[in-house]
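Here is a short report to read alongside the model. Please keep the 3D view open as you go.

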Amino acid sequence: MSDHIYKKIELVGSSPTSIEEAVKNAVAKAAETIRNIRWVEVLETRCHISDQKVAYWQVTVKIGFTLDEA
């Protein structure tokens with residue numbers, strides 16, 4: 001078994017529906033260009049307010065993935 005080397009990137013996902021959907025949106029966007037995604041860490045949660053109501057949710061996440069072996 002070889003050693004794995006991991007890299008993490010930070011993204012902000014958003015959704016008008018829910019926090020969970022905001023996380024899913026961030027992961028889905030990352031998956032368009034990143035292979036070998038292994039985990040996601042939720043760092044921050046916040047929401048944008050418009051007309052005294054929640055307009056959309058935002059989450060800051062770190063996405064971890066393994067680097068390709070040479």
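The sections below cover the basis of the model, its core, its helix, an aromatic pair and some strand residues.

## Basis of the model

This is a predicted model, in which local features need pLDDT of at least 70, side-chain atom pairs count only at pLDDT 80 or more, and totals for chains, interfaces and linings use all residues. Residues are numbered from 1 along each chain as its sequence is written, and side-chain values use heavy atoms, with hydrogens and water left out.

Buried means under 20% relative accessible area, exposed means over 50%, and partly exposed lies in between (1.4 Å probe, protein chains only).

Helices (H or I, at least four residues) and strands (E, at least two) are DSSP runs, numbered from the N terminus.

## Helix H1

H1 spans 19 Å from its first C-alpha to its last over 13 residues, close to the 18 Å expected at 1.5 Å a residue; the expected span is 1.5 Å times one less than the number of residues. Its buried residues include Ala 22, Val 23, Ala 26 and Ala 30. These cover an arc of only 100° around the axis, which puts them on the same side of H1; the arc is that of the directions from the helix axis to the C-beta atoms. An α-helix has 3.6 residues a turn, so residues three or four places apart point the same way.

Strands E1 (6–15), E2 (37–50) and E3 are among the elements that cover the buried residues of H1. Ala 31, also in H1, is partly exposed, with a relative accessible area of 45%. At the N-terminal end, Ser 18 caps H1, with a side-chain oxygen 3.0 Å from the backbone nitrogen of Glu 21. Polar contacts are pairs of N or O atoms within 3.5 Å; within protein, one must be able to donate a hydrogen and the other to accept it, and residues adjacent in sequence count only if both atoms are side-chain atoms.

## The aromatic pair

The structure holds 1 aromatic pair. Tyr 6 and Trp 39 form this tilted pair, at 5.2 Å centre to centre and 50° between the planes. Tyr 6 lies in strand E1 and Trp 39 in strand E2, 33 residues apart, and the pair links these distant parts of the chain. Rings of Phe, Tyr and Trp (its six-membered ring) pair if their centres lie within 6.5 Å; planes under 30 degrees apart count as stacked, over 60 as edge-to-face and the rest as tilted.

Tyr 6 is partly exposed at 41% relative accessibility, and Trp 39 is partly exposed at 30%.

## Residues in the strands

Ser 15 belongs to strand E1 and is buried at 2% relative accessibility. Its side chain reaches the backbone nitrogen of Thr 17 at 2.9 Å. Leaving out residues up to four places away in sequence, Ser 15 touches Glu 21, Ala 22, Asn 25, Tyr 56 and Trp 57, where contact means heavy atoms within 4.5 Å.

In strand E3, Thr 66 is buried at 7% relative accessibility. Lys 62, also in E3, is partly exposed at 26%. Lys 62 and Glu 10 are 52 residues apart in sequence and 4.4 Å apart in space, C-alpha to C-alpha.
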